[in-house]
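Please look over the sequence and the model below. Then follow the text through it.

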Amino acid sequence: METTAVKPQFSEAAQAEIKRLLTHYPDERRKSALLPVLHIAQAEFGGWVSPEVQDLVAETLGLKPIEVYEVSSFYTMFNLKPVGKHVLEICRTGPCMLRGSDELTAHLERITGAKVGGPASEDGLFTLKEVECLAACGFAPIVQVREKYYEQLDTPEAVDAMLTELRNQVHRPALPWEETGLPNALANN
């Protein structure tokens, strides 16, 4: 029996935000909206941008799919495979390494069960991702989760406090265009 995949569609709230964003650019420069539209797509569809979602972004902006693939695969802020509810971005550059980011990474792998570059933890809560400088060297080692920095994670107690806070979140924080709600984003994250 052949199954037909359902083509992803933006919610009305996301469509309205994309329409609003496009007013900032001349029609011949719609590609300039690609990064913010990819952010909307990632929030809307479970924290990652599948090839089908990237195709939707291309169609929405009148671009060739390859133009979207090039951008989404270049920037580490876009997830190209499914992720947990919380993506822990661990700084791996010099100052953080000197202050224990390698030990932090190993500790996070042990207690969450997730592996850097691997699938989410078994409970679906955590994905671990190493990233370049988060520009908070004086507070190293540091982890970014969405827009929030967790600083000075150099003790097990500090790491446990961060994970407890994240585990206790019912939903991820709302994004600016979500005041009226993006039902897909809340259902998928």
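Predicted model: local features only at pLDDT ≥ 70, side-chain atom pairs only at ≥ 80, totals over all residues.

Residues are numbered from 1 along each chain as its sequence is written, and side-chain values use heavy atoms, with hydrogens and water left out.

Start with the strands. Helices (H or I, at least four residues) and strands (E, at least two) are DSSP runs, numbered from the N terminus. Strand 1 (residues 86–91) pairs with strand 2 in the parallel sense, over 6 bridges; pairing requires at least two DSSP bridges. Leu 88 stands opposite Leu 128 in strand 2. Of the 6 residues in strand 2 (residues 126–131), 5 are buried. Buried means under 20% relative accessible area, exposed over 50%, partly exposed in between (1.4 Å probe, protein chains only).

Next come the charges. The whole structure holds 6 salt bridges, each a side-chain nitrogen of Lys or Arg within 4 Å of a carboxyl oxygen of Asp or Glu. One joins Glu 132 and Arg 92 (2.4 Å, N to O). This pair links distant parts of the chain, 40 residues apart. Another joins Arg 20 and Glu 17, at 2.7 Å between the closest N and O atoms. Both lie in helix 1 (residues 12–22), 3 residues apart. Arg 20 is partly exposed at 40%, whereas Glu 17 is buried at 14%.

Finally, the surface. Phe 74 lies in helix 4 (residues 65–74). Phe 74 is exposed, with a relative accessible area of 61%.
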